[in-house]
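Hi,

Here is the structure I promised to pass on. My notes follow below it.

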Amino acid sequence: MSVNELVSDQASLEALEKASLDCVETCFDRMGAQKNQCKFGKKGICCRVCHMGPCKITPKVTRGVCGADADTIVARNYLREVVGGTAAHSDHGRHLVLRLKKVAQGKGGGYEIKDEGALRRAARDFKIDEEKRTKEDVALDLANLFLDEFMRQEEALATLELAPVKRQAIWKNKKVAPLGIDRMVVESMHRTTMGVDHDYKNLMMQAFRTALADGWGGSRIAMIVSDILFGTPSPVRSDANLGILGEKTVNILVHGHEPELSEILAVVSNDPEMIDLAKQAGAEGITLAGICCTANEILMRHGIPIAGSFLQQELAVVTGAVETMVIDVQCCMPSLPEIAAAYHTEIVSTTDIAKTPGATHLSFKADDAFASAKNIVRRAIDNYQRRDHSKVAIPSAQSPVIGGFSVDAIKYMLGGRFRASFRPLNDAIMAGRIKGVVGIVGCNNPKTKTDAYINVLTKELIANNILVLKTGCAAVASAKQGMLLPEAALEDAGAGLREVCEAVGMPPVLHMGSCVDNSRILEAAVEIVKEGGLGDDISQVPAVGIAPEWMSEKAVAIGTYFVASGINVILGQPFSIGGSDNVTGFLNESCNELFGASFHDCEDPYQAVRKTLEILDAARESLGINTKLERKLYDMDDRRKLDV
Ligand code: SF4
Ligand code: MSK
């Protein structure tokens, strides 16, 4: 395959060509080497939960040794994927809550409560008395409440109460309201081990229950606590793509997901003492940039540039210009040290739960965060002197980007300081200027040309007057194309969406953050419901979630909690469930009756646009707003009648 068929953007193209010249193998080569990937795995009909197996299901052999059929095996495998995603997001959340607790106890180790307003708002949401109390006292109560969310044995999660009451009732009636997050993960692993739960429907309901513990529990908690500790994001301008690497600066990349270390590195890399050291080493300064979701986290809060997305992690090293790549958890390829060995780059792993052979392990001590961060920066500066300039080729491509659209920031953009609200958005949807809202989320996957589906889809949606919210690597894909700028509205958006974006000065595609920030999309959906005029449950809002190029178990969990929350989800490649018609029918059809939403497979972006329009039109039809109406203002009386 030519490199043009593998990647979309010029920087990746150039780096991939360089990798080939440097005889460096990347995931694109390894994808090719995999040739025909396992058909049984793809269909979800390979079982290895006990050692009478592994068993696979074929037309002639319809049961495993124990008697499990395709339905049981596919449903068990699906639930285990949801568990993997839920565990990843939620463990991230747990680490942040533990940090908040230490900060509240005065043992924060350099961290502090950056957004007291966010803390007090969260406290009020969970009925914690915050008036006339110190922020530390309030933070301690909130941290304890969140820690209890992981441990609850018999009570449903308190965070579910952030959803509209109608949605909460659906979860209760269908018996999918999750108990403690840890309990859900443990119970799901128990139920999918040999000889326990064999009823595919029962297993699928547990998948929804576990995913809800992620979206409304672990991920939501991670997001709330990040905002309290590191600040609630607001719009900030920066740049994206490999071209942000400095020819003459010490380049440090932070890669992974948890923001604790990268937050401190953002400060330390600006420290005059460190910049002086870099100059003494012959560099002009220090460039800190991000890969994957850490990039999204530090872009949103510090305006630090994005070097690239998931499939650019190896390509960044191939530029030969990276002194240090700091990795923590999730989406960090084990191939990195081998690629780094072809250059001078040092891969530094920082968390004891995630070690990679060949990487230098420098255990990050959050209690002494500045010392840990300074040590990393000093090593990078030392390493600059080992850079082989004959091996350096930094692609020039980069695009400006605006990130930082938390729900608070969107409210502010729409209504200004004194009337911050979603009202103008709801009115625009009701009047037909905006057809609906779509969240485009998830990863890249070398099975398809990087970013191609995501970016065609994004352009088509905004041309159809659909406001697009983005997270994760899908957001980075659009950032690299210059689509996360207000100017994009002028060029690509339909007339109605353009009018709204121009009036408030916001892009038609909003960068809302990292993987755990998909819970911000749920928060936005709730705000739309609360604002009134578009139904009293999330399932009534003209909204769709799309994961065009997903690859991770986390995306499976995210899609599952979106559907359980009432948002239809379109997948660019189907889940590994094709071996069971019953499980496929359950996810693609039956769960509509349960949750008012289901999954849809659309292999190409144009099919996805058609499906999105169909779903949005149906939602608008049921709301009675599928014609261009005179603008009707929703008054206070109407709003009071809302049961949300
Ligand atoms: Fe085979 Fe059943 Fe064991 Fe799975 S649980 S590996 S189907 S015997
Ligand atoms: S980093 S999970 S590749 S979005 Fe969150 Fe990107 Fe997907 Fe990882």
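How do the residues of the shell around ligand 2 divide into nonpolar, polar and charged? There are 8 nonpolar, 4 polar and 1 charged, counting Ala, Val, Leu, Ile, Met, Phe, Trp, Tyr, Cys and Pro as nonpolar, Asp, Glu, Lys and Arg as charged, and the others, Gly among them, as polar.

Before the rest, some housekeeping: this is a predicted model, where local features need pLDDT of at least 70 and side-chain atom pairs count only at pLDDT 80 or more, while totals for chains, interfaces and linings use all residues. Residues are numbered from 1 along each chain as its sequence is written, chains are lettered from A and ligands numbered from 1 in the order in which they are written, and side-chain values use heavy atoms, leaving out hydrogens and water.

Back to ligand 2: 13 residues surround it (a heavy atom within 4 Å), and the closest are H257, C293, C331, C473 and C515. Two or more shell residues come from each of α12 (292-302) and α19 (472-480) (DSSP runs: helices are H or I, at least four residues; strands are E, at least two; both numbered from the N terminus). Domain 2 (242-391) and domain 3 (406-623) both contribute to this shell, so ligand 2 lies between them (bounds from an automatic or database domain assignment).

Around ligand 1, the shell has 9 nonpolar, 2 polar and 1 charged residues, including C47, C50, C55, C66 and R76.

There's also an open sheet of 6 strands, ordered β13-β12-β11-β14-β15-β16, with parallel pairing (at least two DSSP bridges between two strands). Its edge strands are β13 (509-513) and β16 (599-601). Within it, β11 (residues 436-440) and β14 (residues 543-547) pair over 4 bridges, and G439 stands opposite G545 in β14.

Cheers
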